[in-house]
Amino acid sequence: MVSALCWLLIVALADETYYDRRIPMDQQPKRKSRLSRLVGIEQWKSRHQRPSFGRALLRPFLAIVKVPVLLSFGYYVFTFAWVIGLNTQISVFLTNPELYAFSEEEFGLFYFSPIVATILGELVGHWIHDWAGAFYTRRNGGVFESESRLLPIYMASPLMITGIVLVGFGLQREWHYMAIAVSIGLFVFGIMIVTTAINAYVLDSYPEAPGEVSAWINAGRTVGGFVVTYFEIEWAEAEGTQRSLGVQAAVVAAAVWLIIVPLQLWGLWMRRRQGRISF
């Protein structure tokens, strides 16, 4: 229903947003009929000014062969996956009649915690990312580099790791649900900071391909969230949430050390070595 409503609003109100900045203003395709743009007729007539369909399909692959993009994709896979994992675990435990026995209404109200954490993450992130860029630039002799965008990850990761560990202990030892709510809030707050940081890093690294690099980060979110559902509950049943979520917290820490730190140290060298994304 929501998708249908969005489609109707697009048809009624939206217009073609594509604009190729490489084409001089006087050579831009002339806009004629909104209906013809809506169904693609005008786009077809000006197709000679844009990459071919085959070339467009190739663009994401030209982006992912850049090592910083590939590493950023991998980092987000191993980080965002636990958002889905934690929510899966919590939903099973809180609605279990033999444990917390939450009703649907109570379970819904429980999620005010991640909502508040999301809002706080947005507010803090609004300032911390700009501060990190300015701090790095001052320390780097006034020269801004994309690696400055990675600094907030070091601040947010301890919160995420702590949140995962506490959720694991809380579920297995049947802590009060408020302790679990605060714990999941810590992780959500951290993931908000991390998400902005890794997106800003790839966007600043490859400004010529914003759609492609953003798509790969989004793909990392999808891959991680999709895969974790196949083993999360079975893993917790076999070893307990204390151990399974502890391993997941270790994965988050390892992703920082094995991916973010190398990007921080050698990301600029990688980008210069491989060059820009050429379409």
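**Helix packing and an aromatic cluster in a predicted model**

Tyr177 has a relative accessibility of 33%, so this residue counts as partly exposed. I begin with Tyr177 because its ring takes part in an edge-to-face pair. Please keep in mind that the model before you is predicted.

The partner of Tyr177 is Phe102: the two ring centres lie 5.3 Å apart and the planes stand at 75°, which makes the pair edge-to-face, since planes over 60 degrees apart are classed that way. Which parts of the chain does this pair link? Phe102 sits in the loop between H5 and H6, whereas Tyr177 belongs to helix H9, and 75 residues separate them. Phe102 is buried, as its relative accessible area is 14%.

This pair belongs to a wider arrangement. Ring pairs join Tyr177 and Phe102 with Tyr100, Phe107, Phe110 and Tyr111 in a cluster. The structure as a whole contains 11 aromatic pairs.

Ala101, in the loop between H5 and helix H6 (104-110), is not a glycine, yet has a positive phi of about 55°. With a relative accessibility of 41%, Ala101 counts as partly exposed. Glu174 also has a positive phi of about 55° without being a glycine; Glu174 lies in the loop between H8 and helix H9 (177-205).

I turn now to the packing of two helices. Two packed helices are described by the angle between their axes and the distance between those axes. How do helix H5 and helix H8 cross, and within what distance do their axes come? Helix H5 covers residues 67-94 and helix H8 residues 151-173; their axes come within 11 Å and cross at roughly 30°. Angles under 35 degrees count as roughly parallel, and H5 and H8 are therefore roughly parallel to each other. Their crossing is left-handed.

On the H5 side, the contact is made by Tyr75, Thr79, Trp82, Leu86, Gln89, Ile90 and Phe93. H8 contributes Ile153, Ser157, Met160, Ile164, Val167 and Leu171. Sorted by class, this contact of H5 with H8 comprises 10 nonpolar residues, 3 polar residues and no charged ones.

Finally, let us consider Gln264, a residue of helix H12 (residues 241-274). Is Gln264 buried or exposed? Its relative accessibility is 18%, and buried means under 20%, so Gln264 counts as buried. Leaving aside residues up to four places away in sequence, Gln264 touches Tyr136, Glu147, Leu150, Leu151 and Tyr154.

Note on methods
Residues numbered from 1 in each chain as written. Predicted model: local features only at pLDDT ≥ 70, side-chain atom pairs only at ≥ 80, totals over all residues. Heavy atoms only, no water. Axes fitted to C-alpha atoms, helices over the stretch in contact; angles between N-to-C directions. Helix = DSSP H or I, 4+ residues; strand = E, 2+ residues; numbered from the N terminus. Parallel < 35°, antiparallel > 145°, perpendicular 65-115°, else oblique. Left-handed = near helix turned anticlockwise from the far one by under 90°. Contact = heavy atoms within 4.5 Å. Nonpolar A, V, L, I, M, F, W, Y, C, P; charged D, E, K, R; others polar. Buried < 20%, exposed > 50% of the residue type's maximum accessible area, 1.4 Å probe, protein only. Phe/Tyr/Trp six-rings, centres within 6.5 Å; stacked < 30°, edge-to-face > 60°.
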